[in-house]
Structures are given as structure tokens and as C-alpha cells.
Amino acid sequence: MKKYYVTTPLYYVNSEPHLGTTYSTIMVDGINRYRKLLGFNTRFLTGTDEHGQKIQQTAKERGIEPQQHCDELSRKFQTFWSTVDVEFDIFYRTTSPKHKDTVSKALDFLHQKGDIYSKEYSGWYCVSEECFYPETDIKDGKTPTGRPVEWISEKNYFFKMSSYQQKLIDHINNNPGFIAPKSRKNEVLGFLKQPLEDLSISRPKSRIHWGIPLPFDSEHVAYVWVDALINYAAACGLFQEDRKNEFNSWWNESFVQHFIGKDILTTHAVYWTTLLMAMDVKLPDQIFAHGWILNKESEKMSKSLGDVIAPEDIINVIGLDSLRYYFFSEVNFGKDAPFSVELAALKSNSDLANNLGNLLSRCFTLINKYYDGLVPEMPDQTPQVILDHVEDLYENIEKAILKNQPSDAIKPVIDMLNTTGKYLEENAPWKQAKKGELKEAGECLRVALEVARLSTLALMPVMPNKTTEILNLLNIKPSLENGAEELKKWPGVQTGLKLEKIKPIFPRIDLES
Ligand code: ME8
């Protein structure tokens, strides 16, 4: 079976989940579910990044120990993901003993190999981004992103990142899908046109105590990015003698894909990949950087902006399905996208309430009214206009997911629903049935019901709960693992099945009230 290992970034525990991190995690959850539907054996990792000066400071401001702060916030992330139907296999924490041990082993390996050395270093340091900035980037005491910096002089350990520059450029050029979308690949290649500097990988304990001590100098802790990046491979057993088979299976033999926001492209595409090269470990197969969710002012929604909408509040107004559906159907995954409650509600009303929801309620109501609720027979020949959609559906979903464009997996579903809506209007089974043309009306309703079944199956990864509810009404026991088989079936509902009377499945969202 094809294997697929997918990751989100590990989020900092200096804030609770917000709409930006919720977006990333929901998208990866849905993509992982689509991969299951396409027959992959999958493993999905998310988690929290818990070391560094930012976390140390946040805990200090709260007057509690950093570990207590991390435990509380990490738990919030973990429970919040289950409330938004995110089903991960691994929730990874960088303060776990196993992680600390692996980071220590990894750094020891690099040190012994001669890829880590120490020197005195002075530079502009930005606490909130946890990194040094070159003099040329600093304007009026601020980073290009407007964050304050301080001048710092200290002994640091460095990773010989520069020695891997050419190897990385070659790898990117030889593996066209390695960094995606293409614009991000070009961005990294542009960055690599300048000589790559060595990477400072330590911070003195006198300044930051909240980190993993270096195995060869306990007066220093590991730079939080190096610590955190190692998680992806550590979670599969990197440098763990007793997990060699697992590492082979889930890292070496799987399609390994990191999804990140475009803000953290360099750390992943350059720091992480050169570290892996130095550790003689296979690189991930793909790093995909998605765009940002923007607020009404077209700014990146972030925890530091006061006007960020809490995801809980959004869900209270429009419901979780509408939020997940908006992300999947409306956002071009590689690009920035606006978000507002109004936009998500409009999308939900048009595609879910008026289209799929309406189709389902028409089928259920009329079949109850004229056929005692018993599913009528299929016609001898399904109209070709409908079959054209049905026949390509699975393939279109597969193509969309393999090219990381989930909205292209939704579009053929909506096109199929639109065609079916027209087909219903043209045949008007409600009129046919009234006139006593029960065979014709029944066949038309059955075709429509089959389209509703397929649409629901195709949307399982996006709205896992709601689609299960609908499929249960059709006596289909859905699972992503047998989803492909179901999606390729035509017809798939049992003739004569008794349909219950239903309330609207996707109620219209009335924003005014
Ligand atoms: O950078 N739109 O953690 P972080 C879309 N700990 N995605 C957004 C977003 C927005 N407005 N805001 C945030 C870190 N994100 C490090 C990562 S990985 C080993 C360490 C998402 O809590 C997006 O995925 O700042 C972005 O890359 C990530 O949150 C940053 O999360």
C-alpha cells in the first residue's frame, strides 16, 4: 500500500489556536483524509513547539513555570483540534523526554562529524522571531517585519550550513516538486543565490534557560528552530535504535510531505533540509507552503493583531461545516485568501444549503410523498449529461489532491450538482408524480439521489460528521478506506431502501438574525 506521512508546523505555545493555525491544521486534516480516500496508508502529525525565549517570557509574564505554561497551552491545542474534527495520529510536543533525547543525539552526531563549531558572535537579535538579522535588514531598530531587535554579543555554536548550499540547489533543481508551489521554489532558489551563512544553533543558558542543553556544552541550549524542526523525523524514530523499522517505513519509504505557511519557508526549505543532508537522512519529498488567511483589511490574521476573530466565535455563528467547507472550496491553497464570516456564510448558503441540501430534501420529501419513502428504481439509461460528471469524479479528485489543490476536488462536485439541479428542473418530477407518471418521476429522483450520494462521499474529508450523518440515512456505512470503491459505484443506494423524513441537513445561515 502507498504510504503517506504528512505534517503541519508545530505551533508555538505563546498563544492559543487562532484562525491562521486553525486553517493550516484543518487543511492538512482534510488532505490527509483525501489521501486515505485515494487508498494511501497515512500518518498525520501535528503538535506544539514549546522551547525558546518567547515561551520563557510568556510564562514569566504569567508568573508560572514554563513547563506548566506549555502543558496548559499544549492541551488547549490538542483539545481544540478535536473540536474542529481534526484527526491526527501523532500530537508531538518538543518538551517530551523522547524529543529532548533525539535532539541531543542529532546534535552530538553533527558535532562529532565536524559540522558544528563554536565562535564569538555579535548581531541584531529579534526575540519574537527567535533569530539574528543582518545589519542591512535593520531599519530604525526594527526588522523588515517591524519587530524590535537588540544587539547581542555571545559565544555561539554554528552548523556548517554553507557547505551544503550547492547540494541543496542541485536537489531543488533535480526534484521539481520538492518545494511547491513553483513561486516558493523560485523564492528559495533566489535566496540561495547569495552565499549561505552558517547557522547559529545555540543560545547561552545565561540568556535562555528554556531549551534543550547541547550534549557537548551544557552552558548552551539548542536554538529553538533546530530543536523544533527535528520533530518531523524524530516522531518516526530518528536516532532511536529500537525504532529503525518504523523509521524506514514512515520516513524512508513513505511520501513525506510538510505543509507550512509561507512565513516559515526558509527554515524548512533551507535549515531543515541542510540539517538532514548533514545527518545523512533522506529529505522530505515535498515542502508545500500555503498562503495566508487575510482579514477584512487584507492583513495576515495573526495572534499579534488585535482584530483576529476567535475560531470558536466563527463556529458559533456559521457552524464548523461551513468553516471547513469555505477553506476547502474557496481558497486557492498556495495563495493568500480573504476570510470573513459573511464570505463563509454566503458560500455555505449557495453550495450546501441551496445546492446539496436542497437536492437531498427534494429527494427525501418526494420519495416519501409518492413512494412511501421507498427508493425507486434506476432508469435503464442514466442521462449522459450526468454520467459525464460521474465518470470523471474520482479521477478529478485524485488529480486535485495530488497537486495540492483541494478546491479543485470540490469544483467537480458542485458542477455535478448544478447539472443535476437543471436536470431536475427540466423534468420536474414533482409535476410528473402529480400527473401519475410515477415511473418517470421515480427514475429522475433516483438519479438525483445517486448524485447526492456521490457528492456526499466526495465531501467526506471536508465535513466528516455531516457526511456520515447523510450516508447513514442512505444506509451506507462510510469509511475513508472503502470510500474509493463507493465513489466508483454507480448506482450505490439500495432500491427499495426506506428513507426517513428529514429536516434540512444544511440550514441556511441568516447573518442578520
Ligand atoms: O512558526 N494564515 O509557529 P507559529 C494561514 N513554531 N496560516 C497561518 C496564519 C494565517 N493568517 N497564521 C499562522 C511557528 N498560520 C513555529 C513552527 S515548525 C517545526 C515550527 C499557520 O505558531 C501557518 O502554518 O507561529 C504558519 O506557518 C504557522 O501557523 C506558524 O505558526
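Is Cys 70 buried or exposed? With a relative accessible area of 0%, Cys 70 is buried. Keep in mind throughout that this is a predicted model.

**Stop 1: Cys 70**

Select Cys 70, which is placed in helix α3. Then show what surrounds Cys 70: apart from neighbours within four places in sequence, Val 13, Glu 50, Ile 55, Arg 93 and Trp 210 are in contact with this residue. For a distance label, pick the C-alpha atoms of Cys 70 and Thr 58, which lie 10.0 Å apart in space and twelve residues apart in sequence.

**Stop 2: Tyr 11 and Phe 77**

Stay with helix α3, residues 66-83, and select Phe 77 there, together with Tyr 11 in strand β1, residues 3-12. How many aromatic pairs does the structure hold? There are 26 aromatic pairs in the structure. In one of them, the ring centres of Tyr 11 and Phe 77 are 5.9 Å apart and the planes are at 15 degrees, so this pair is stacked. Tyr 11 and Phe 77 are 66 residues apart, and the pair links distant parts of the chain. Both Tyr 11 and Phe 77 are buried.

Next, select Phe 159 and Tyr 164. Their ring centres are 6.0 Å apart with planes at 20 degrees, so this pair is stacked as well. Phe 159 is buried, as is Tyr 164.

**Stop 3**

Which residue lies over the face of Tyr 4? Select Arg 35, which sits there at 4.2 Å from the ring centre. For another such arrangement, go to Tyr 394: Lys 488 lies over the face of that ring, at 4.2 Å from its centre.

**Stop 4: Glu 129**

Select Glu 129, in the loop between β4 (116-126) and β5 (131-133). Why does Glu 129 count as buried? The relative accessibility of Glu 129 is 17%, and buried means under 20%, so Glu 129 falls in that class.

Show the side chains. Glu 129 makes a polar contact of 2.4 Å with the side chain of Tyr 133, and another polar contact, of 2.6 Å, joins the side chains of Glu 129 and Thr 145. Beyond neighbours within four places in sequence, the contacts of Glu 129 are Thr 143, Thr 145, Arg 147 and Trp 225.

**Stop 5: the two domains**

Colour domain 1 (3-290) and domain 2 (341-487) separately. Taken over C-alpha atoms, the domain centres are 42 Å apart. Where the domains meet, 15 residues of domain 1 are in contact with 22 residues of domain 2. The area buried between domain 1 and domain 2 is about 1600 Å², with 67% of that area from carbon and sulfur atoms. Now select Tyr 34, Leu 37 and Leu 38, which supply 50% of the area that domain 1 buries against domain 2, more than any other three residues.

**Stop 6: Ser 350**

Finish in helix α13, residues 341-371, by selecting Ser 350. Ser 350 has a relative accessibility of 35% and therefore counts as partly exposed.

Technical notes:
Residues numbered from 1 in each chain as written. Predicted model: local features only at pLDDT ≥ 70, side-chain atom pairs only at ≥ 80, totals over all residues. Heavy atoms only, no water. Helix = DSSP H or I, 4+ residues; strand = E, 2+ residues; numbered from the N terminus. Buried < 20%, exposed > 50% of the residue type's maximum accessible area, 1.4 Å probe, protein only. Polar contact = N/O pair within 3.5 Å; in protein donor to acceptor, adjacent residues only side chain to side chain. Contact = heavy atoms within 4.5 Å. Phe/Tyr/Trp six-rings, centres within 6.5 Å; stacked < 30°, edge-to-face > 60°. Lys NZ or Arg CZ within 6 Å of the ring centre and 35° of its normal. Domains from an automatic or database assignment. Buried area = accessible area lost by both parts, 1.4 Å probe.
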